[in-house]
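Please work through each task before reading its solution.

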Amino acid sequence: MRPETVLELAHVSASKGDRVRVEDLSLTVQRGEAVALVGSNASGKSLALKLGAGLEIPALGTVRVLGVDPAQASADEVLRLRQRLGFVFDKHALISNMTVFNNVALPLRYHLTPPEEEVQDRVMARLAECGVEDFRDQFPVDLTLGDARLAAIARARVMDPDILFIDELLIGLDADDLGRVRGLVEGPWREQGLTVVITLNAPTTLFRFFDRLVLLRDGRLVAALPPAEAARVKDPMVPDFFAS
Amino acid sequence: MIAWAGRKTVEGVAYIADVLYLTYLAFKELVSPAQRGRGAAFRVITRQVLFTGVDALPVVGAIALLVGLIIILQAGTTLPKVGAGALLANIIVLTVVRELGPLLTAFIVVWRSGTAICTELGNMRVGQEIAALEAMGISLIRFIVTPRLVGAIVATICLTIYFDLVAIVGGFLLAKVHLTIPTAVYLDEIGKSLSIADILITVIKSGLFGLTIAMICCHHGLSVVAAATEVPQQTTKAMLNTVTVCLVLDLVVSASFFL
(Lines give C-alpha, C1' and ligand atoms only; values in the text may rest on other atoms or scores of the structure.)
Protein backbone atom coordinates (compact mmCIF):
# COMPACT_ATOMS: atom_id res chain seq x y z
CA MET A 1 0.00 0.00 0.00
CA ARG A 2 1.28 3.44 -0.94
CA PRO A 3 2.25 5.48 2.14
CA GLU A 4 -0.03 8.41 2.81
CA THR A 5 1.49 11.58 4.21
CA VAL A 6 -0.72 12.84 7.03
CA LEU A 7 1.60 15.50 8.39
CA GLU A 8 4.05 17.68 6.55
CA LEU A 9 6.15 20.55 7.86
CA ALA A 10 8.04 22.36 5.09
CA HIS A 11 10.82 24.79 6.06
CA VAL A 12 8.90 25.86 9.12
CA SER A 13 10.24 28.55 11.43
CA ALA A 14 8.55 29.88 14.56
CA SER A 15 9.43 31.13 18.00
CA LYS A 16 7.86 31.32 21.42
CA GLY A 17 9.33 33.65 24.01
CA ASP A 18 13.05 34.34 24.02
CA ARG A 19 14.39 30.81 24.27
CA VAL A 20 12.20 28.45 22.31
CA ARG A 21 12.29 28.39 18.55
CA VAL A 22 12.04 26.15 15.53
CA GLU A 23 14.20 26.97 12.53
CA ASP A 24 13.72 25.74 9.00
CA LEU A 25 12.24 22.44 10.13
CA SER A 26 11.05 20.03 7.47
CA LEU A 27 9.43 16.74 8.39
CA THR A 28 6.85 14.35 6.98
CA VAL A 29 4.91 11.71 8.87
CA GLN A 30 3.12 8.83 7.14
CA ARG A 31 -0.21 7.35 8.22
CA GLY A 32 0.31 4.71 10.90
CA GLU A 33 3.80 5.89 11.83
CA ALA A 34 4.90 6.35 15.43
CA VAL A 35 7.33 9.26 15.60
CA ALA A 36 9.10 10.70 18.62
CA LEU A 37 10.51 14.24 18.59
CA VAL A 38 13.51 13.99 20.88
CA GLY A 39 15.59 16.74 22.43
CA SER A 40 16.52 18.49 25.61
CA ASN A 41 14.34 21.17 27.19
CA ALA A 42 13.89 24.27 25.03
CA SER A 43 15.06 22.37 21.94
CA GLY A 44 11.85 23.36 20.14
CA LYS A 45 10.18 19.95 20.09
CA SER A 46 6.98 21.01 21.89
CA LEU A 47 6.67 24.02 19.62
CA ALA A 48 7.21 21.75 16.61
CA LEU A 49 4.49 19.43 17.93
CA LYS A 50 2.03 22.31 18.34
CA LEU A 51 2.91 23.59 14.87
CA GLY A 52 2.19 20.11 13.51
CA ALA A 53 -1.16 20.00 15.30
CA GLY A 54 -2.09 23.46 14.04
CA LEU A 55 -2.13 24.92 17.53
CA GLU A 56 0.61 27.38 16.59
CA ILE A 57 1.00 29.14 13.26
CA PRO A 58 4.50 29.32 11.76
CA ALA A 59 6.18 32.61 10.96
CA LEU A 60 7.75 31.02 7.88
CA GLY A 61 7.10 27.84 5.95
CA THR A 62 3.95 25.76 5.68
CA VAL A 63 2.27 23.00 7.67
CA ARG A 64 -0.17 20.54 6.15
CA VAL A 65 -1.96 18.23 8.50
CA LEU A 66 -4.45 15.75 7.01
CA GLY A 67 -4.26 17.85 3.84
CA VAL A 68 -5.21 21.08 5.58
CA ASP A 69 -2.98 24.11 6.09
CA PRO A 70 -4.23 25.49 9.44
CA ALA A 71 -2.82 28.94 8.65
CA GLN A 72 -4.98 29.21 5.51
CA ALA A 73 -8.01 27.19 6.60
CA SER A 74 -11.42 28.67 7.39
CA ALA A 75 -12.84 28.43 10.91
CA ASP A 76 -15.07 25.51 9.85
CA GLU A 77 -12.14 23.64 8.30
CA VAL A 78 -10.10 24.15 11.48
CA LEU A 79 -13.04 22.89 13.56
CA ARG A 80 -13.33 19.74 11.42
CA LEU A 81 -9.56 19.28 11.62
CA ARG A 82 -9.60 19.53 15.43
CA GLN A 83 -12.03 16.62 15.60
CA ARG A 84 -9.60 14.45 13.67
CA LEU A 85 -6.63 15.25 15.89
CA GLY A 86 -6.01 14.29 19.49
CA PHE A 87 -3.64 16.42 21.53
CA VAL A 88 -2.29 15.75 25.03
CA PHE A 89 -0.54 18.67 26.72
CA ASP A 90 2.44 18.38 29.03
CA LYS A 91 0.12 19.18 31.93
CA HIS A 92 -2.84 16.81 31.96
CA ALA A 93 -5.21 19.76 31.23
CA LEU A 94 -8.29 17.85 32.38
CA ILE A 95 -11.18 20.18 33.24
CA SER A 96 -10.86 20.38 37.02
CA ASN A 97 -14.56 20.62 37.89
CA MET A 98 -15.53 17.56 35.82
CA THR A 99 -15.12 13.91 36.69
CA VAL A 100 -12.75 11.80 34.62
CA PHE A 101 -15.74 10.28 32.81
CA ASN A 102 -17.22 13.68 31.93
CA ASN A 103 -13.81 14.94 30.82
CA VAL A 104 -13.43 12.09 28.37
CA ALA A 105 -17.08 12.39 27.28
CA LEU A 106 -16.80 16.15 26.70
CA PRO A 107 -15.63 16.16 23.05
CA LEU A 108 -18.15 13.44 22.16
CA ARG A 109 -21.05 15.27 23.77
CA TYR A 110 -19.95 18.58 22.31
CA HIS A 111 -19.32 17.54 18.71
CA LEU A 112 -21.51 14.52 18.11
CA THR A 113 -24.21 14.42 20.83
CA PRO A 114 -24.69 10.66 20.49
CA PRO A 115 -27.13 8.76 22.75
CA GLU A 116 -25.82 8.49 26.32
CA GLU A 117 -25.46 4.69 25.99
CA GLU A 118 -23.01 5.23 23.14
CA VAL A 119 -21.17 7.89 25.15
CA GLN A 120 -20.93 5.43 28.03
CA ASP A 121 -19.57 2.65 25.79
CA ARG A 122 -17.03 4.79 23.96
CA VAL A 123 -15.76 6.56 27.05
CA MET A 124 -15.41 3.38 29.09
CA ALA A 125 -13.63 1.68 26.19
CA ARG A 126 -11.03 4.45 26.05
CA LEU A 127 -10.64 4.60 29.82
CA ALA A 128 -10.15 0.82 29.92
CA GLU A 129 -7.64 1.00 27.05
CA CYS A 130 -5.56 3.43 29.13
CA GLY A 131 -6.10 1.47 32.35
CA VAL A 132 -7.88 4.26 34.25
CA GLU A 133 -11.48 3.01 34.16
CA ASP A 134 -11.52 2.69 37.96
CA PHE A 135 -11.18 6.46 38.27
CA ARG A 136 -14.21 7.32 36.13
CA ASP A 137 -16.07 9.10 38.95
CA GLN A 138 -13.07 10.86 40.44
CA PHE A 139 -12.05 14.45 39.83
CA PRO A 140 -8.64 15.24 38.32
CA VAL A 141 -7.34 16.58 41.63
CA ASP A 142 -7.77 13.11 43.17
CA LEU A 143 -5.58 11.39 40.57
CA THR A 144 -1.84 10.89 40.46
CA LEU A 145 -0.15 12.85 37.68
CA GLY A 146 0.43 9.61 35.78
CA ASP A 147 -3.22 8.54 35.97
CA ALA A 148 -4.36 12.05 35.05
CA ARG A 149 -2.14 12.01 31.96
CA LEU A 150 -3.45 8.59 30.97
CA ALA A 151 -7.00 9.94 31.38
CA ALA A 152 -5.98 12.87 29.16
CA ILE A 153 -4.75 10.35 26.56
CA ALA A 154 -8.15 8.60 26.80
CA ARG A 155 -9.85 11.97 26.19
CA ALA A 156 -7.64 12.66 23.19
CA ARG A 157 -8.52 9.22 21.78
CA VAL A 158 -12.28 9.26 22.34
CA MET A 159 -13.09 10.92 19.01
CA ASP A 160 -11.01 8.25 17.18
CA PRO A 161 -8.53 10.78 15.80
CA ASP A 162 -6.32 10.16 12.77
CA ILE A 163 -3.27 11.55 14.56
CA LEU A 164 -2.49 11.52 18.27
CA PHE A 165 -0.04 14.16 19.51
CA ILE A 166 1.40 13.82 23.02
CA ASP A 167 3.64 16.49 24.49
CA GLU A 168 6.31 15.23 26.92
CA LEU A 169 5.03 11.69 27.16
CA LEU A 170 7.18 10.80 30.15
CA ILE A 171 6.03 13.55 32.52
CA GLY A 172 4.44 12.11 35.65
CA LEU A 173 4.59 8.47 34.55
CA ASP A 174 5.94 5.87 36.99
CA ALA A 175 7.19 2.41 35.96
CA ASP A 176 3.68 0.98 35.98
CA ASP A 177 2.31 3.86 33.88
CA LEU A 178 5.21 3.46 31.44
CA GLY A 179 4.27 -0.20 31.06
CA ARG A 180 0.72 0.83 30.22
CA VAL A 181 1.94 3.37 27.66
CA ARG A 182 4.23 0.76 26.14
CA GLY A 183 1.22 -1.56 25.90
CA LEU A 184 -0.72 1.17 24.10
CA VAL A 185 2.07 1.92 21.61
CA GLU A 186 2.75 -1.74 20.88
CA GLY A 187 -0.84 -2.87 21.04
CA PRO A 188 -4.01 -1.01 20.08
CA TRP A 189 -2.36 2.04 18.55
CA ARG A 190 -0.19 -0.07 16.25
CA GLU A 191 -3.02 -2.51 15.45
CA GLN A 192 -5.44 0.30 14.63
CA GLY A 193 -2.87 2.08 12.44
CA LEU A 194 -3.02 5.22 14.57
CA THR A 195 -0.44 7.87 13.68
CA VAL A 196 1.36 8.92 16.85
CA VAL A 197 3.63 11.94 17.23
CA ILE A 198 5.09 12.56 20.66
CA THR A 199 7.87 14.52 22.30
CA LEU A 200 10.42 13.11 24.72
CA ASN A 201 13.01 15.06 26.68
CA ALA A 202 14.92 12.11 28.13
CA PRO A 203 16.20 8.73 26.95
CA THR A 204 13.71 5.95 27.52
CA THR A 205 13.21 2.28 26.79
CA LEU A 206 10.15 3.37 24.82
CA PHE A 207 12.43 4.61 21.98
CA ARG A 208 12.50 1.21 20.35
CA PHE A 209 8.73 1.11 19.94
CA PHE A 210 8.79 4.11 17.64
CA ASP A 211 9.40 3.96 13.91
CA ARG A 212 11.51 7.10 13.86
CA LEU A 213 13.21 9.41 16.27
CA VAL A 214 13.42 13.03 15.18
CA LEU A 215 16.40 14.58 16.96
CA LEU A 216 16.18 18.33 17.57
CA ARG A 217 18.77 20.71 18.95
CA ASP A 218 18.30 24.48 19.34
CA GLY A 219 15.20 24.34 17.18
CA ARG A 220 16.95 22.66 14.28
CA LEU A 221 16.54 19.17 12.91
CA VAL A 222 19.61 17.05 13.63
CA ALA A 223 18.37 13.80 12.15
CA ALA A 224 15.22 11.74 11.62
CA LEU A 225 15.96 8.03 11.64
CA PRO A 226 15.03 4.65 13.18
CA PRO A 227 15.85 4.34 16.90
CA ALA A 228 18.60 1.79 16.36
CA GLU A 229 20.58 4.27 14.28
CA ALA A 230 20.12 7.31 16.51
CA ALA A 231 23.14 6.72 18.74
CA ARG A 232 25.44 6.74 15.70
CA VAL A 233 24.52 10.28 14.63
CA LYS A 234 27.52 12.60 14.76
CA ASP A 235 26.19 15.59 16.65
CA PRO A 236 27.02 17.15 20.03
CA MET A 237 23.55 16.34 21.38
CA VAL A 238 23.84 12.62 20.79
CA PRO A 239 26.51 11.69 23.38
CA ASP A 240 24.74 13.83 25.96
CA PHE A 241 21.31 12.54 25.18
CA PHE A 242 22.12 8.89 24.66
CA ALA A 243 24.87 8.63 27.27
CA SER A 244 22.71 6.49 29.50
CA MET B 1 2.51 63.53 31.57
CA ILE B 2 0.74 64.03 28.23
CA ALA B 3 2.33 60.84 26.92
CA TRP B 4 1.16 58.97 30.01
CA ALA B 5 -2.39 60.31 29.61
CA GLY B 6 -2.37 59.42 25.93
CA ARG B 7 -1.13 55.90 26.63
CA LYS B 8 -3.76 55.36 29.33
CA THR B 9 -6.49 56.64 27.01
CA VAL B 10 -5.44 54.27 24.24
CA GLU B 11 -5.29 51.38 26.72
CA GLY B 12 -8.73 52.27 28.06
CA VAL B 13 -10.28 52.42 24.62
CA ALA B 14 -8.64 49.11 23.65
CA TYR B 15 -9.93 47.53 26.87
CA ILE B 16 -13.50 48.69 26.29
CA ALA B 17 -13.31 47.53 22.67
CA ASP B 18 -12.08 44.07 23.79
CA VAL B 19 -14.89 43.66 26.34
CA LEU B 20 -17.52 44.89 23.88
CA TYR B 21 -16.23 42.51 21.20
CA LEU B 22 -16.37 39.60 23.65
CA THR B 23 -19.95 40.64 24.51
CA TYR B 24 -20.84 40.77 20.82
CA LEU B 25 -19.43 37.26 20.28
CA ALA B 26 -21.29 35.93 23.32
CA PHE B 27 -24.64 37.33 22.13
CA LYS B 28 -23.96 36.21 18.57
CA GLU B 29 -23.48 32.72 19.96
CA LEU B 30 -26.86 32.94 21.70
CA VAL B 31 -28.70 33.52 18.45
CA SER B 32 -26.49 31.18 16.41
CA PRO B 33 -28.45 28.33 14.82
CA ALA B 34 -25.58 25.85 15.36
CA GLN B 35 -26.59 22.95 17.59
CA ARG B 36 -23.08 21.69 18.33
CA GLY B 37 -22.26 21.87 22.01
CA ARG B 38 -25.67 23.21 23.08
CA GLY B 39 -26.18 20.44 25.63
CA ALA B 40 -22.72 20.90 27.14
CA ALA B 41 -23.24 24.68 27.28
CA PHE B 42 -26.66 24.25 28.90
CA ARG B 43 -25.08 22.21 31.69
CA VAL B 44 -22.64 25.08 32.33
CA ILE B 45 -25.54 27.59 32.40
CA THR B 46 -27.38 25.48 34.98
CA ARG B 47 -24.27 25.28 37.13
CA GLN B 48 -23.72 29.03 36.85
CA VAL B 49 -27.32 29.85 37.82
CA LEU B 50 -27.10 27.47 40.77
CA PHE B 51 -23.82 28.93 41.99
CA THR B 52 -24.53 32.61 41.29
CA GLY B 53 -28.21 32.54 42.16
CA VAL B 54 -29.37 29.72 44.40
CA ASP B 55 -26.21 29.43 46.50
CA ALA B 56 -26.23 33.21 47.09
CA LEU B 57 -29.77 33.33 48.47
CA PRO B 58 -28.76 33.21 52.16
CA VAL B 59 -26.18 35.99 51.96
CA VAL B 60 -28.36 38.18 49.73
CA GLY B 61 -31.33 37.56 52.05
CA ALA B 62 -29.35 38.50 55.15
CA ILE B 63 -27.96 41.70 53.62
CA ALA B 64 -31.36 42.65 52.19
CA LEU B 65 -32.98 42.15 55.59
CA LEU B 66 -30.41 44.35 57.31
CA VAL B 67 -30.54 47.07 54.65
CA GLY B 68 -34.35 47.02 54.65
CA LEU B 69 -34.42 47.23 58.44
CA ILE B 70 -32.00 50.17 58.53
CA ILE B 71 -33.86 52.16 55.86
CA ILE B 72 -37.31 51.48 57.26
CA LEU B 73 -36.20 52.29 60.81
CA GLN B 74 -34.52 55.53 59.72
CA ALA B 75 -37.34 56.64 57.44
CA GLY B 76 -40.10 55.37 59.72
CA THR B 77 -38.80 57.27 62.74
CA THR B 78 -37.53 60.45 61.04
CA LEU B 79 -40.18 61.22 58.42
CA PRO B 80 -43.15 61.50 60.87
CA LYS B 81 -41.15 64.05 62.90
CA VAL B 82 -41.07 66.41 59.91
CA GLY B 83 -44.63 65.67 58.93
CA ALA B 84 -43.67 63.47 55.98
CA GLY B 85 -44.72 60.06 57.35
CA ALA B 86 -46.85 59.46 54.29
CA LEU B 87 -43.70 59.41 52.16
CA LEU B 88 -42.32 56.27 53.82
CA ALA B 89 -43.41 53.94 51.02
CA ASN B 90 -42.09 56.33 48.38
CA ILE B 91 -38.72 56.54 50.10
CA ILE B 92 -38.46 52.76 50.33
CA VAL B 93 -39.38 52.23 46.69
CA LEU B 94 -36.97 54.97 45.69
CA THR B 95 -34.01 53.67 47.65
CA VAL B 96 -34.52 49.91 47.61
CA VAL B 97 -36.19 49.11 44.30
CA ARG B 98 -34.60 51.76 42.13
CA GLU B 99 -31.10 51.96 43.59
CA LEU B 100 -29.91 49.82 46.47
CA GLY B 101 -31.54 46.55 45.39
CA PRO B 102 -29.85 46.29 41.99
CA LEU B 103 -26.57 47.87 43.16
CA LEU B 104 -26.03 45.90 46.36
CA THR B 105 -27.08 42.66 44.69
CA ALA B 106 -24.61 43.37 41.90
CA PHE B 107 -21.85 44.00 44.44
CA ILE B 108 -22.61 40.68 46.17
CA VAL B 109 -22.57 38.89 42.80
CA VAL B 110 -19.28 40.59 41.87
CA TRP B 111 -17.59 39.66 45.13
CA ARG B 112 -18.94 36.14 45.12
CA SER B 113 -19.36 34.99 41.52
CA GLY B 114 -17.28 37.57 39.65
CA THR B 115 -14.18 36.60 41.58
CA ALA B 116 -15.04 32.93 41.08
CA ILE B 117 -15.44 33.35 37.31
CA CYS B 118 -12.19 35.29 36.98
CA THR B 119 -10.07 32.97 39.12
CA GLU B 120 -11.61 29.84 37.60
CA LEU B 121 -10.85 30.94 34.04
CA GLY B 122 -7.40 32.23 35.02
CA ASN B 123 -6.55 28.92 36.65
CA MET B 124 -7.94 27.08 33.64
CA ARG B 125 -5.54 29.06 31.48
CA VAL B 126 -2.61 28.27 33.79
CA GLY B 127 -3.55 24.57 33.88
CA GLN B 128 -3.76 24.45 30.04
CA GLU B 129 -7.46 23.57 30.30
CA ILE B 130 -8.36 26.47 27.99
CA ALA B 131 -5.71 25.35 25.50
CA ALA B 132 -7.08 21.79 25.73
CA LEU B 133 -10.61 23.01 24.96
CA GLU B 134 -9.30 24.89 21.92
CA ALA B 135 -7.35 21.82 20.82
CA MET B 136 -10.54 19.74 21.03
CA GLY B 137 -12.33 22.24 18.79
CA ILE B 138 -14.56 23.39 21.64
CA SER B 139 -15.57 27.04 21.24
CA LEU B 140 -14.56 29.10 24.27
CA ILE B 141 -17.38 31.50 23.53
CA ARG B 142 -20.01 28.75 23.40
CA PHE B 143 -18.69 26.62 26.24
CA ILE B 144 -17.20 29.23 28.59
CA VAL B 145 -18.39 32.78 27.96
CA THR B 146 -22.02 32.59 26.81
CA PRO B 147 -23.15 30.19 29.58
CA ARG B 148 -21.61 32.48 32.19
CA LEU B 149 -23.23 35.50 30.57
CA VAL B 150 -26.70 33.90 30.54
CA GLY B 151 -26.23 32.44 34.04
CA ALA B 152 -25.06 35.74 35.51
CA ILE B 153 -27.88 37.78 33.92
CA VAL B 154 -30.64 35.36 34.98
CA ALA B 155 -29.23 34.95 38.48
CA THR B 156 -28.64 38.68 39.05
CA ILE B 157 -32.17 39.62 37.94
CA CYS B 158 -33.72 36.93 40.18
CA LEU B 159 -31.49 37.84 43.12
CA THR B 160 -32.34 41.54 42.78
CA ILE B 161 -36.09 40.84 42.85
CA TYR B 162 -35.48 38.60 45.87
CA PHE B 163 -33.41 41.36 47.51
CA ASP B 164 -36.18 43.93 46.95
CA LEU B 165 -38.85 41.65 48.39
CA VAL B 166 -36.83 40.67 51.46
CA ALA B 167 -35.74 44.27 52.11
CA ILE B 168 -39.26 45.70 51.81
CA VAL B 169 -41.28 42.97 53.55
CA GLY B 170 -38.71 41.43 55.89
CA GLY B 171 -37.27 44.77 56.90
CA PHE B 172 -40.73 46.07 57.75
CA LEU B 173 -41.69 43.01 59.79
CA LEU B 174 -38.54 43.40 61.89
CA ALA B 175 -39.02 47.16 62.19
CA LYS B 176 -42.58 46.70 63.41
CA VAL B 177 -41.15 46.31 66.90
CA HIS B 178 -40.59 50.09 66.87
CA LEU B 179 -43.08 51.31 64.30
CA THR B 180 -46.82 51.63 64.66
CA ILE B 181 -47.83 51.46 60.99
CA PRO B 182 -50.20 48.52 60.29
CA THR B 183 -48.74 45.95 57.91
CA ALA B 184 -51.70 46.15 55.51
CA VAL B 185 -51.42 49.94 55.25
CA TYR B 186 -47.67 49.70 54.69
CA LEU B 187 -47.98 47.12 51.93
CA ASP B 188 -50.84 49.05 50.34
CA GLU B 189 -48.73 52.21 50.30
CA ILE B 190 -45.79 50.31 48.79
CA GLY B 191 -48.10 48.93 46.10
CA LYS B 192 -49.34 52.42 45.26
CA SER B 193 -45.82 53.88 45.17
CA LEU B 194 -44.45 51.12 42.97
CA SER B 195 -44.80 51.96 39.29
CA ILE B 196 -44.13 49.86 36.19
CA ALA B 197 -41.09 52.07 35.60
CA ASP B 198 -39.67 51.09 39.00
CA ILE B 199 -39.98 47.38 38.22
CA LEU B 200 -38.59 47.96 34.73
CA ILE B 201 -35.63 49.86 36.18
CA THR B 202 -34.77 47.15 38.68
CA VAL B 203 -34.89 44.50 35.94
CA ILE B 204 -32.94 46.57 33.39
CA LYS B 205 -30.27 47.55 35.89
CA SER B 206 -29.83 44.06 37.29
CA GLY B 207 -29.70 42.59 33.78
CA LEU B 208 -27.04 45.12 32.75
CA PHE B 209 -25.09 44.48 35.96
CA GLY B 210 -25.20 40.70 35.38
CA LEU B 211 -23.94 41.24 31.83
CA THR B 212 -21.17 43.56 33.04
CA ILE B 213 -20.04 41.14 35.77
CA ALA B 214 -19.93 38.16 33.41
CA MET B 215 -18.18 39.89 30.54
CA ILE B 216 -15.56 41.83 32.49
CA CYS B 217 -14.71 38.84 34.69
CA CYS B 218 -14.56 36.47 31.71
CA HIS B 219 -12.35 38.96 29.86
CA HIS B 220 -9.89 39.26 32.74
CA GLY B 221 -9.90 35.51 33.48
CA LEU B 222 -9.14 34.70 29.85
CA SER B 223 -6.47 37.45 29.78
CA VAL B 224 -4.21 35.37 32.03
CA VAL B 225 -1.36 34.19 29.83
CA ALA B 226 0.50 31.48 31.73
CA ALA B 227 1.62 32.38 35.26
CA ALA B 228 -0.38 31.68 38.42
CA THR B 229 0.67 35.10 39.77
CA GLU B 230 -1.42 36.77 37.06
CA VAL B 231 -4.65 35.29 38.45
CA PRO B 232 -4.99 37.49 41.58
CA GLN B 233 -3.81 40.54 39.59
CA GLN B 234 -6.47 40.03 36.94
CA THR B 235 -9.11 39.30 39.59
CA THR B 236 -8.37 42.57 41.40
CA LYS B 237 -8.59 44.51 38.13
CA ALA B 238 -11.82 42.75 37.24
CA MET B 239 -13.41 43.64 40.59
CA LEU B 240 -12.47 47.31 40.39
CA ASN B 241 -13.52 47.69 36.77
CA THR B 242 -16.80 45.82 37.26
CA VAL B 243 -17.85 47.93 40.25
CA THR B 244 -16.90 51.14 38.41
CA VAL B 245 -18.82 50.17 35.27
CA CYS B 246 -21.85 49.09 37.33
CA LEU B 247 -21.94 52.48 39.06
CA VAL B 248 -21.67 54.32 35.74
CA LEU B 249 -24.43 52.17 34.22
CA ASP B 250 -26.58 52.79 37.29
CA LEU B 251 -26.21 56.51 36.80
CA VAL B 252 -26.93 56.29 33.07
CA VAL B 253 -30.10 54.20 33.52
CA SER B 254 -31.39 56.36 36.40
CA ALA B 255 -30.69 59.52 34.42
CA SER B 256 -32.37 58.20 31.27
CA PHE B 257 -35.54 57.34 33.21
CA PHE B 258 -35.84 60.28 35.56
CA LEU B 259 -34.08 63.29 34.03
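**Exercise 1.** Determine how many aromatic pairs there are over all chains, and classify the pair of Phe87(A) and Phe89(A).

*Solution.* Rings of Phe, Tyr and Trp (its six-membered ring) pair if their centres lie within 6.5 Å; planes under 30 degrees apart are stacked, over 60 edge-to-face, and the rest tilted. The count by this rule is five aromatic pairs over all chains. Phe87(A) and Phe89(A) are 4.7 Å apart centre to centre with 55° between the planes, hence tilted. Both residues are buried (under 20% relative accessible area, 1.4 Å probe, protein chains only; exposed is over 50%, partly exposed in between). Phe87(A), Phe89(A) and Phe165(A) form one aromatic cluster.

The model is predicted: local features need pLDDT of at least 70, side-chain atom pairs count only at pLDDT 80 or more, and totals for chains, interfaces and linings use all residues. Residues are numbered from 1 along each chain as its sequence is written, chains are lettered from A and ligands numbered from 1 in the order in which they are written, and side-chain values use heavy atoms, without hydrogens and water.

**Exercise 2.** Classify the pair of Phe172(B) and Tyr186(B), and state which helices hold these residues.

*Solution.* The centres are 3.8 Å apart and the planes 5°, so the pair is stacked. Phe172(B) lies in helix H6 (residues 140-175) and Tyr186(B) in helix H7 (residues 183-193) of chain B, so the pair ties together parts 14 residues apart in sequence. Helices are DSSP runs (H or I, at least four residues), numbered from the N terminus. Phe172(B) is buried at 1% relative accessibility, and Tyr186(B) is buried at 2%.

Note on methods. Helix = DSSP H or I, 4+ residues; strand = E, 2+ residues; numbered from the N terminus.
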